[in-house]
Amino acid sequence: MRVTLIVLGVLVGALIVSWGWTMFGPGGRGSRREGKHVVRVQVLNGSGEPGVGTRVAAYLREGGFQVTDVRNADRNDYFATFIIARRSDLSLADEVSHYLGGPPLVRQEWSSELADVSVLVGSDRSRLQLEP
């Protein structure tokens, strides 16, 4: 019983350290992991709050992403923010997601040259990492 508690304590400690390193370490939120290539991003505001898409686009530009389009989404009642991978290679969408603090990824490929990744901003926008 005592050995089990020790092992459990070590496991919990390791998880806390891992989380801390991910959030606050050198490659934490608000930094690009690779940044050596152009990532074209479309920003869609589905939150219902005016100006949110523009703020997200400005933050992405500060991070070196090429924002190609900012507009309202097809609806303004999206609850969750998510990243849409527009190419079969998910690495570009994963880089945008990491930079914004980890919103979930969805794959929806298209043949347009407008963007490699779309960011659909929902009403949970306060969860986004919009400051370095």
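Reader: What makes Arg 40 and Glu 113 a salt bridge?

Author: A salt bridge needs a side-chain nitrogen of Lys or Arg within 4 Å of a carboxyl oxygen of Asp or Glu. The closest N and O atoms of Arg 40 and Glu 113 are 3.5 Å apart, so the pair meets that definition. Do keep in mind that this is a predicted model, where local features need pLDDT of at least 70, side-chain atom pairs count only at pLDDT 80 or more, and totals for chains, interfaces and linings use all residues. Residues are numbered from 1 along each chain as its sequence is written, and side-chain values use heavy atoms, leaving out hydrogens and water.

Reader: Why is Arg 40 called buried?

Author: Buried means under 20% relative accessible area, exposed over 50%, and partly exposed in between (1.4 Å probe, protein chains only). Arg 40 has 19%, so it counts as buried.

Reader: Why is Arg 107 called partly exposed?

Author: Arg 107 has 48% relative accessibility, so it counts as partly exposed. Glu 109, at 47%, is partly exposed too. The side chains of Arg 107 and Glu 109 meet in a salt bridge at 3.8 Å, N to O.
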